[in-house]
Amino acid sequence: MSKLIQLIFGDWRNTSSIAACLALALAVAHAWPSVGGWMLVPALLAAAWWQAGL
């Protein structure tokens, strides 16, 4: 069971970075509805960059 949870959620950096990206996109969507979806793309790219340790 723990292997399945680890496969789905990954480590703590994966879970926290995705949660931060979604929170950022949601906050931007409330302020500027037309920009919310576009903000998710660079936020997810930044999360992937952080997870890779670069």
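How many residues does helix 3 have, and how far does this helix reach from its first C-alpha to its last? In the predicted model described here, helix 3 has 17 residues and reaches 25 Å between those two atoms, which is close to the 24 Å expected at 1.5 Å a residue. The buried residues of this helix are Gly36, Ala43 and Ala47. Seen down the axis of helix 3, these buried residues fall within an arc of 45°, so they line one face of the helix. The face turned away from that buried side carries the exposed residues Trp38, Leu45, Trp49 and Ala52. After helix 3 comes glycine 53, for which phi is positive, near 80°.

Of the 54 residues in the protein chain, buried residues make up 13%. The chain exposes about 4300 Å², and carbon and sulfur atoms supply 77% of that area.

The average pLDDT of the protein chain is 76, and 81% of the residues score at least 70. Confidence is lowest in helix 1, which covers residues 2–9 and has a mean of 64, whereas it is highest in helix 2, which covers residues 12–31 and has a mean of 80. Where pLDDT is low, the predicted coordinates should not be read in detail.

Helix 2 has 20 residues, and the span from its first C-alpha to its last is 29 Å, close to the 28 Å expected at 1.5 Å a residue. Within this helix, the residues Ser17, Cys21, Ala25 and Val28 are buried. They cover an arc of only 70° around the axis, which puts them on the same side of helix 2. An α-helix has 3.6 residues a turn, so residues three or four places apart point the same way. On the other side of helix 2, Trp12, Leu26 and His30 are exposed.

The buried residues of the two helices can be considered together. What covers the buried residues of helix 2 includes helix 3, residues 36–52, and the buried residues of helix 3, in turn, pack against helix 2.

With a relative accessibility of 6%, glycine 36 counts as buried, because a residue is buried when its relative accessible area is under 20%. When its neighbours within four places in sequence are left aside, glycine 36 is in contact with Ala25, Val28 and Ala29. Two of these residues, Ala25 and Val28, are listed among the buried residues of helix 2. The C-alpha atoms of glycine 36 and alanine 25 are separated by 5.3 Å, although these residues are 11 residues apart along the chain.

A further position in helix 2 is that of alanine 19. Alanine 19 has a relative accessible area of 46% and is therefore partly exposed. Between the C-alpha atoms of alanine 19 and alanine 47 the separation is 9.8 Å, with the two residues lying 28 residues apart along the chain. Alanine 47 is itself one of the buried residues of helix 3.

Methods:
Residues are numbered from 1 along each chain as its sequence is written. This is a predicted model: local features need pLDDT of at least 70, side-chain atom pairs count only at pLDDT 80 or more; totals for chains, interfaces and linings use all residues. Side-chain values use heavy atoms; hydrogens and water are left out. pLDDT is the predictor's confidence in each residue, from 0 to 100. Helices (H or I, at least four residues) and strands (E, at least two) are DSSP runs, numbered from the N terminus. Buried means under 20% relative accessible area, exposed over 50%, partly exposed in between (1.4 Å probe, protein chains only). Accessible areas come from the Shrake-Rupley method with a 1.4 Å probe; for residues, only the protein chains shown count as cover. The expected span of a helix is 1.5 Å times one less than its number of residues. The arc is that of the directions from the helix axis to the C-beta atoms. Contact means heavy atoms within 4.5 Å.
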